Structure formats: C-alpha cells, structure tokens
Number of protein chains: 2
Amino acid sequence: MRTTQYLLSTLKETPNDAQVVSHQLMLRAGMIRPLASGLYTWLPTGLRVLKKVENIVREEMNKAAVEVSMPVVQPADLWIESQRWDDYGPELLRFDDRGNRPFVLGPTHEEVITDLVRREVTSYKQLPLNLYQIQTKFRDEVRPRFGVMRSREFLMKDAYSFHTSTECLQNTYEVMHQTYCNIFNRLGLDFRPVQADTGSIGGNASHEFQVLAQSGEDDIVFSTESDYAANIELAEAVAVGEKHAPTKEMALMDTPNAKTIAEVVEQFDVAIEKTVKTLVVKGASEEQPLIALVLRGDHDLNEIKAIKLPEVAEPFEFADEAEIKAKIGAGVGSLGVVNMPIPVIIDRSVELMSDFTTGANIDGKHYFNVNWERDVALPKVADLRNVVEGDPSPDGKGTLLIKRGIEVGHIFQLGSKYSEAMNATVQGEDGRPQTLIMGCYGIGVSRVVAAAIEQNHDGRGIKWSNAIAPFTVAIVPMNMHKSDEVKQEAEALYEQLKALNIDVIFDDRKERPGVMFADMELIGVPHTIVIGQRSLENGELEYKSRHTGEKQMIAKDQMVEFIQSQLKG
Amino acid sequence: MRTTQYLLSTLKETPNDAQVVSHQLMLRAGMIRPLASGLYTWLPTGLRVLKKVENIVREEMNKAAVEVSMPVVQPADLWIESQRWDDYGPELLRFDDRGNRPFVLGPTHEEVITDLVRREVTSYKQLPLNLYQIQTKFRDEVRPRFGVMRSREFLMKDAYSFHTSTECLQNTYEVMHQTYCNIFNRLGLDFRPVQADTGSIGGNASHEFQVLAQSGEDDIVFSTESDYAANIELAEAVAVGEKHAPTKEMALMDTPNAKTIAEVVEQFDVAIEKTVKTLVVKGASEEQPLIALVLRGDHDLNEIKAIKLPEVAEPFEFADEAEIKAKIGAGVGSLGVVNMPIPVIIDRSVELMSDFTTGANIDGKHYFNVNWERDVALPKVADLRNVVEGDPSPDGKGTLLIKRGIEVGHIFQLGSKYSEAMNATVQGEDGRPQTLIMGCYGIGVSRVVAAAIEQNHDGRGIKWSNAIAPFTVAIVPMNMHKSDEVKQEAEALYEQLKALNIDVIFDDRKERPGVMFADMELIGVPHTIVIGQRSLENGELEYKSRHTGEKQMIAKDQMVEFIQSQLKG
C-alpha cells in the first residue's frame with residue numbers, strides 16, 4: 001500500500017474523550033472514528049488488524065466447528081419462547097418492522113441457533129454438532145465506553161455446540177478450551193483461561209479468557225504454585241485465621257463515635273482481624289425480607305457469591321437505612337451478630353474468629369470479646385467474600401495473586417437452558433425424544449484488537465505482533481522526491497516485498513522523515529526499512545525494529561531475506 | 001470436510017413457497033433457511049459459496065479501493081441532513097435506542113461515508129479516494145421475495161469515491177467498470193454491463209451489471225451489431241415508421257363498442273400502427289394538473305422516461321377516471337389528440353404517423369384519418385415509449401434484442417448530491433473550499449449467489465463454477481463400511497486433496513450410493529471421484545463431471561494430478 005493512496009488519518013493530539021490507552025491510540029493511529037455513542041467506523045488501518053484477528057479466529061475455529069451466518073435482525077417470538085424477552089433488559093434493542101411485527105437486534109444468538117438445530121437435526125446420529133459464526137452484534141449498553149472495548153456494535157465470534165450427553169459436551173468444551181488457547185497464542189497475547197461465573201447465560205461450567213493488562217475491568221486470581229486461575233467473582237475463598245478458645249468476657253460498650261470498622265479499630269485499639277462487619281441485604285422470600293451477611297472487618301463482600309445463596313434476592317440489593325432501622329432498631333453503624341432479629345449468614349473466616357467485636361444492634365453500642373457458641377449460636381456459614389492476595393489457593397497449592405484482565409473470550413457449558421425452554425429435542429439412541437445439551441463459546445473479535453493494544457504499546461504508539469499488524473513492514477524513503485536513487489530503490493523494494501505477499505506500507509508522501517517515522521511507530525508497524533542516499537552509497541539500508549527499537553545496517557541485496565527471517569520469528 | 005461432521009441439510013422435496021429456481025435450490029441444497037420474512041440463515045454450504053464470492057469481490061476491489069467498515073446502525077441526524085430521512089420511505093427501518101435517540105438500520109451508506117470524508121479529508125491533495133466495505137445491509141422491503149434475491153437483510157459491497165473534478169470521477173468510474181467486469185468474469189457469470197437509470201440515488205451516469213437469466217426482473221436491451229446495452233427503463237427509443245402525406249379526409253365516427261385500441265383495430269379494420277393511445281397522467285404543476293401522453297397503439301409507455309419530463313409529476317401517477325371526465329368530458333376509452341383541452345406530449349414515433357385513428361374526446365366517438373398540422377397542431381414530441389425487439393439501436397448500428405437480467409451490480413456517477421446537502425468540501429488547488437464530487441458502486445454479494453444459480457442449474461441441482469463452488473471435489477466411496485480397501489483409498493485421497501488446499505467433501509455417511517450422488521449433484525460439486533471395490537481392482541477410480549455429466553476411469557495414482565488439471569480449467 002502506498003500512503004498517498006491510503007487513508008492514514010493519524011492524529012498528533014490525544015483526543016480528550018478517550019480514557020484508556022487503547023481507545024486513545026486507536027483514534028490517534030487512524031484505526032477507528034466514532035459515528036455516535038458506542039458506534040465506530042473502522043478506518044483502513046483498524047480494519048486490516050480486525051480482519052487479521054478474524055482470519056486467525058476463523059482458521060482455528062474451522063478445525064473444531066462449522067461456520068454458518070445468522071441474521072442480525074431476529075424475530076421477537078424466539079426471545080419470548082426462551083423467556084429472555086422479559087429477562088434481558090434494555091440492552092436488548094427492540095423495534096417493530098413496517099408491518100408492526102416485533103424484532104430485536106441480536107446481542108447473541110442462542111435462540112436462533114436452537115431454533116435452527118431443532119428444525120434441521122432430528123437424530124442423535126447427527127450429533128455432536130458445533131456451529132459458529134463471526135458477526136456484527138448489537139448491545140444497547142447504558143454507558144458505552146473505552147472505544148471498541150465496550151461499544152454497542154461489535155464483531156463477535158459465537159459458537160454453539162449440541163449434544164445428547166454431558167460427557168460429549170465436556171469433550172467439545174475441552175476442544176474449545178484448547179482452540180481458544182491456540183487462537184490467543186497465535187494472536188501473540190499474554191492471556192489466562194480462568195474459571196468464571198456463568199452469569200445470566202446460565203449453565204454449569206465456564207471459563208473466561210483474560211488478556212492481562214493494567215486497564216482490565218476484571219480482577220483475576222492465580223495460584224503461585226498451581227495452574228489454578230479464576231475470575232475474582234468466582235474464586236473460592238477458604239477460611240483464613242486460626243480457631244482459638246475464648247480468653248475474655250463479652251462486654252457491651254458505648255461506642256458513640258464509632259460508626260465504621262475503621263473507627264472501631266482506631267478508637268478501641270482492636271485489630272481489624274478481630275472485628276466483623278454486618279451488611280443487610282434484601283432476602284429472597286417474603287417471610288425473610290432482610291438477611292444479614294457478616295464478614296471479617298478487613299474482607300469485602302462478593303455479591304456474585306451472595307446471590308447464589310437461596311436466602312438472598314436476585315438481583316442483589318442492599319437494604320435501605322429506613323428498612324434496617326424499622327426491623328432491627330439500630331442504624332447501619334451499629335449492626336452485629338448478637339441479638340440480631342433477622343437471619344444471619346457468616347463468612348467462613350468469621351467462623352474461626354474469637355474474642356471479636358461486633359455492633360450491638362443498639363445505636364452507639366458494640367459488643368467486645370464475642371465468641372461463637374458461648375455468646376451467640378453459630379449461624380449459617382458460607383463463602384461470602386472476595387479473595388485477597390496472600391489467601392491460600394483453594395486447590396491447596398500455594399497462595400493467591402491478583403491481576404487485572406480484559407475478557408476476550410468466554411466458554412460455557414450451557415446444559416439444557418435453551419433447549420428445554422424451546423423444546424429442542426432429537427431422537428435418542430433408545431428411540432425416544434431427548435432434550436439437547438448445549439455449549440456456547442464466544443470471542444469478542446473487535447475487543448481483542450483493543451486488548452492487544454492495552455498489552456502492547458509505548459509512548460510512541462502501538463507495538464503489533466507480526467500476526468495482526470496492519471502492515472508488517474514499512475518502507476520509509478528519506479527525501480525520495482529529491483533523490484532518484486532513493487526513489488528507485490524504494491519502488492523496487494516495495495514491488496519485491498509485495499510480490500512475496502508481505503503486507504508492506506510504502507510511505508511515499510512528501511513529508512519530513514520525522515513525520516513518517518512517527519506515523520509508522522504510532523500505527524505500530526513491527527519492521528521499518530529506511531532508505532537514505534548516504535547508506536545507499538555504502539550499498540546498505542537501515543532496518544529498525546519497533547519492538548526493540550534497535551537499528552541495524554543491512555546490505556541492500558540481503559534486506560528481503562533479512563525481512564523474511566524477521567517475519568518468521 | 002466429512003459429511004458426518006457437517007450440516008448438509010439437503011431436502012428431497014421442493015418447498016412450496018419458493019417461486020424461483022434459485023430459491024428452491026438454495027433451500028433444497030441446504031444453503032439457506034428462512035428465519036422470518038426476508039431474513040435467512042446461511043447454512044454451511046451456502047456460506048461457503050457466499051464467502052468465496054465475497055473473497056473474489058474483495059481481492060479485485062483491493063486493486064482499486066481501500067476497505068473500511070462502517071456501522072450497521074446509523075444516527076438519524078445524517079439522514080435528516082441529506083434529506084433522505086423524508087425521501088426514503090418505509091424501506092428505511094427506523095428505531096429509537098434506549099436513550100430515545102433516533103437511528104436507522106443502514107440500507108446504504110452515502111451519509112456515513114460523506115460524513116467521514118468531510119472530517120478526515122481536508123485537501124485536494126488527499127484525493128481521489130475510493131473507499132469500500134462489504135457489509136450486512138437492511139431494507140424493510142414491502143414484499144421480500146425470491147429468497148436472498150430480494151431479502152430484507154443482505155450482504156452488499158458498497159464503494160464510494162471522492163474527487164474534485166468530474167474528469168477524475170470519470171476515470172475512477174471507468175476503473176470501477178473494469179473492476180466489475182473482472183469480478184463477474186472471475187465469478188464465471190454470463191453478464192452484461194448496461195446503461196441504467198440513476199433513480200432515487202441521483203447523479204449523472206450509471207451502469208448496471210446484469211446477469212442474464214430467464215427469471216430476471218429486469219428487461220435489458222442489446223444491439224445486434226454494436227456493444228450498445230441498456231436497461232429498458234433507459235434505452236432510447238428512436239422514431240419508427242415513415243412520414244407520409246395525408247391521403248384521406250379526417251372523419252368523426254361513432255365507435256360505441258370500441259373502448260380499447262384492440263377493439264378499434266378489430267371493429268374498424270385499421271392497422272394498430274395507424275392508431276394512437278392517449279394516457280392521462282398527473283402533471284407537475286398546479287396550472288397543468290393533467291398531461292396527455294400519446295403513443296402509437298402497439299407501443300408501451302416508459303414511466304421512467306415520462307417522469308423525466310418537466311410537465312409530469314414525480315412520483316408517476318395515472319389520473320383517475322373522475323378527474324379525466326371532469327376535465328376532458330370523455331372517458332378513458334375515447335381520449336385523443338383532437339380538441340384535447342390539456343397539454344399533449346406525443347412519442348417520437350407518433351410524430352411520423354399519418355391518416356391515424358384517435359379518440360375524439362367525446363364518449364363513443366373516434367376521429368379517423370387524422371394528420372398532423374392539417375387537422376391538429378403538432379404537440380411537444382418526446383421519447384416516451386419502451387423499445388421493442390427489432391427497433392433500430394439508438395447508436396445507429398443494428399437492431400435491438402431484449403433479454404431478462406438480474407441486477408447484481410450498479411455503478412453511479414453521483415456528482416455532488418450528498419456532498420452539497422452535507423456541505424462536504426476540501427481545500428481546492430486555488431486554496432478555496434470546493435464541494436466534493438462523488439461516485440458510488442454497489443454489488444449485491446448475496447444476490448450474486450442466487451443469480452449464479454439461476455444461470456447454472458439443471459433438473460438435478462446446481463452447477464457451480466470452480467471459483468465459487470462450496471466444494472470443488474466430492475469423494476463418494478461405494479459401500480465404504482463394508483470394504484476396507486475402499487475406505488483406505490477414500491481416506492488417503494481425502495488427506496491428499498486436503499493437503500493441496502483443495503475444498504473437498506468426503507461423503508463418509510452410511511448411505512446408499514444413489515443418495516450420495518444425488519446430494520453431491522444437488523449441492524453442485526463440479527468434480528466427483530467415485531471409489532468402488534471393482535474399479536479399485538483395476539487400479540482405477542471413476543471421475544464424473546457435474547457440468548458435462550461425462551464419466552471417465554482414471555488410473556488411481558493419476559487422479560490427484562487429473563483433478564488439479566480440472567481445477568485449473
């Protein structure tokens with residue numbers, strides 16, 4: 001590609017409204033432009049990267065699944081049948097067509113594929129079947145942000161597998177796990193598959209594929225000594241601390257100025273590990289509208305874990321001050337486990353505590369030196385908290401580390417959630433109808449582009465891997481418009497590299513070398529060849545690596561071979 | 001691909017609701033399935049073809065333009081700015097997002113690309129620029145039909161070029177004309193570029209690319225002796241007949257039972273070429289609300305030509321009987337050119353007529369032997385009619401033939417329609433702002449698939465060209481499950497062909513050979529290799545061509561080479 005026949009559209013200034021590095025660099029490198037909130041046009045440089053990611057995803061997926069393409073626009077009937085018409089909320093964009101029939105813009109395609117398979121597949125003999133597509137999706141996000149990281153329209157690879165046994169699903173699930181590893185490895189990303197919550201899609205088991213990056217929205221948890229890895233939402237927190245016998249008498253004390261754990265710790269010189277905090281949340285049943293969840297003072301509630309308790313309402317909601325006061329008789333600063341009139345559930349680590357401090361359920365008072373069984377019956381115990389760094393790994397090997405990640409893939413063992421709701425059956429081996437068992441497998445193709453940038457950039461711009469660079473090689477001629485020799489050499493080299501199917505950009509603009517270098521670094525071309533009058537006189541060209549910054553002089557007639565070896569690496 | 005790991009989904013029966021052959025065969029061959037009216041899922045076999053078409057379009061387009069990707073969802077503002085918000089009608093699907101902001105599903109992208117270019121391109125030095133995308137479009141057709149031929153969601157290649165001079169636009173237009181020829185040639189289609197009307201998109205010049213097929217919705221017109229070709233909507237009709245001097249006196253006669261041209265011809269023994277018909281249509285101005293258009297009795301009105309007359313209202317509408325009666329005093333069966341109280345425009349061929357018959361504008365009466373100037377002043381003359389076969393070609397070379405065509409591509413010299421409405425300017429060579437001049441260029445990628453089938457099928461199914469076949473080679477083993485030798489040979493050949501990157505389908509089902517042959521013929525695989533125990537004993541395999549139906553025995557160890565030579569052809 002010649003720059004003069006291209007739409008380079010690089011920007012010198014960082015746009016004000018872009019908060020994360022990938023969004024800033026995608027705008028500055030002329031990869032994307034906003035059309036409206038959460039809607040982006042992919043300019044040539046961006047689209048070249050997106051297509052390379054898409055092709056790698058397709059090549060690897062073709063080894064494990066068969067490609068189809070479903071409509072973006074879906075009839076509402078199917079969503080009503082699966083009950084997601086009511087469950088999905090306003091992220092599901094709904095509209096009527098000219099005949100006043102209701103439709104949606106597909107945010108995902110479980111309904112459409114289940115409908116297809118229940119029509120096309122009649123016998124267990126046709127299974128397993130794994131179908132995928134790479135397609136534009138739409139989610140009407142309440143707050144689109146971070147460019148294509150959380151946009152409303154985005155490119156997704158979604159796959160759906162169909163089975164008559166859980167074993168068969170698990171086999172395909174493992175194949176997809178490996179396929180995803182192969183994809184993200186080929187993309188050159190530092191990533192981790194982690195155990196994840198199945199969330200609103202439902203199902204039994206699930207893994208996220210997280211690209212490690214400071215700016216990630218997810219906390220992911222690793223063991224120092226095993227391959228245990230999970231999203232913090234899901235990571236099991238084991239009990240920490242040791243169980244000791246009581247040493248002091250329980251005492252009720254006035255604590256008028258201690259409304260928070262921090263104030264109790266400071267004013268009464270107790271260790272934070274000797275305090276508990278009591279959070280009141282909405283209950284799942286009318287009989288028990290409020291539930292008290294109790295954590296060690298230094299631990300944080302994990303709402304995903306709380307929702308999974310049968311006692312706790314979904315969606316998760318804290319009780320408001322007035323409700324608490326009316327029911328318990330004390331404000332949020334004075335709640336505790338002694339004489340609590342609503343059901344109490346304590347975290348595993350709280351069970352091990354002794355001589356601890358807790359609100360008295362009387363405003364301005366706390367109990368000190370409380371001990372289970374002696375002073376108050378042991379309530380229900382559950383895993384309620386987020387793990388913290390240094391916690392033991394739940395597999396018993398090593399301790400936990402926490403890093404930030406960007407979710408770029410997610411695989412689910414769905415089970416029969418959709419096939420049951422939509423009555424999708426096949427004839428089983430015994431001749432009877434059998435409800436299908438499903439898996440689903442997503443990759444955020446456009447989000448991968450942003451995640452790759454978050455992980456690979458510097459002050460000058462993006463640093464692409466060879467696999468997904470918009471161009472792998474840049475030819476930057478110095479003052480070509482004044483030197484026929486430079487021009488001839490540049491043109492010849494350009495034709496040679498093109499003939500080898502190398503994605504080369506030839507910066508043939510009448511610009512100062514500094515402008516050209518800055519642009520090629522900004523858009524992240526991994527390999528640059530500089531052609532100057534001076535070095536040509538020595539029969540040499542300069543090579544510069546975007547990744548190491550190193551420069552090398554290479555004999556003119558060895559440059560093509562040298563570049564080929566760099567592209568293999 | 002192994003059939004057992006694939007979703008073949010062929011049907012024996014022709015679905016009732018499919019009217020055209022391509023729709024029937026796409027359903028039967030398991031290429032598409034309906035999801036809702038005008039919405040189709042592409043099954044694996046269909047998608048393989050669609051992707052091959054898409055890739056050929058992309059490869060050729062990349063030689064002439066730069067690829068971008070714009071959102072499917074577009075903000076209404078831009079459509080209001082271009083004035084198409086009002087002009088486009090209900091085919092433009094409109095909806096509000098969760099924030100009650102109005103959006104549309106893009107049926108085409110002139111607005112979005114013009115908005116992009118006015119922001120990104122500031123100087124004439126950055127031009128010409130030719131940008132394209134291959135993307136899902138949505139048009140809310142009032143009557144979606146013929147499968148993917150006229151669906152609501154479809155895949156389109158749309159390109160837009162930007163210039164500061166008409167000359168430059170014409171250069172790019174010619175490049176695109178050639179690019180389209182290259183594309184449709186590579187696709188293996190019998191097609192014609194024809195002059196076309198610019199319709200509602202507007203602009204100066206335009207060509208359609210029409211695939212010749214009986215089922216086409218368009219009439220296209222060719223010269224027998226030159227390369228003149230046009231859509232009948234546009235084809236210029238020259239005057240036919242010869243001018244003769246009057247030979248008889250004009251006579252007013254009672255014609256109570258002759259309300260149509262056919263009845264006049266029959267009851268009064270006049271040649272149809274000696275009659276005229278008078279059609280009353282709505283006028284463009286309040287002063288002249290009705291206009292009479294007059295054609296020779298055997299000619300048909302061309303509404304597109306009529307609309308282009310300044311006197312005629314757009315959109316085209318016939319006057320209703322009551323209006324005609326009120327204004328002229330006679331019903332539609334008795335209208336004519338003598339004493340007509342409303343403006344009259346006659347077709348070129350009518351000007352040459354003498355001694356002709358016309359309604360008298362008195363119910364139940366006609367004038368016979370009317371002659372221009374002697375009996376009635378010559379009105380305005382215009383090209384009003386559709387050409388018919390045998391008409392002289394408007395370029396003076398040969399006569400015209402008419403065939404049916406399917407429009408698969410359309411290129412336009414748009415001019416400044418959008419750039420003016422949207423104030424898209426660049427700095428010109430003289431330093432002053434200059435309004436951009438645009439071209440636009442579309443290919444209906446999904447429609448190409450249907451058109452190729454309309455042109456290439458027989459009673460057994462589809463006959464694909466090598467270029468776009470879902471699979472180019474089928475391996476059909478006879479009773480593989482009973483013969484290890486057949487199985488080994490089939491497996492080995494399958495691996496060999498796959499290793500050569502040949503798109504091979506290996507029918508490894510436990511089916512009778514007849515079922516397998518029928519399916520491979522239905523889905524249109526061009527080359528089939530039959531592996532049977534008997535021929536293997538002679539060291540041979542059978543080759544069968546889908547196009548010629550010919551069978552050949554080929555030595556086992558020469559089959560791969562033979563197939564490679566067939567694929568080159």
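A polar contact is a pair of N or O atoms within 3.5 Å; within protein, one must be able to donate a hydrogen and the other to accept it, and residues adjacent in sequence count only if both atoms are side-chain atoms. By this rule, 14 residue pairs (both at pLDDT 80 or more) are in polar contact across the interface of chain B and chain A.

## Basis of the report

This is a predicted model, in which local features need pLDDT of at least 70 and side-chain atom pairs count only at pLDDT 80 or more, while totals for chains, interfaces and linings use all residues. Residues are numbered from 1 along each chain as its sequence is written, chains are lettered from A in the order in which they are written, and side-chain values use heavy atoms, without hydrogens and water.

## The interface

Chain B and chain A each bring 52 residues to the contact (heavy atoms within 4.5 Å). Together they bury about 4200 Å², with 67% of it on carbon and sulfur atoms; buried area is the accessible area (1.4 Å probe) that two parts lose on being put together, summed over both. On the chain B side, B:Leu35, B:Arg98 and B:Glu120 lose the most area to chain A, together 16% of what that side buries.

## Salt bridges

Four salt bridges span the interface of chain B and chain A, each defined as a side-chain nitrogen of Lys or Arg within 4 Å of a carboxyl oxygen of Asp or Glu. A:Asp97 and B:Arg152 form a salt bridge through their side chains, at 2.8 Å from N to O.
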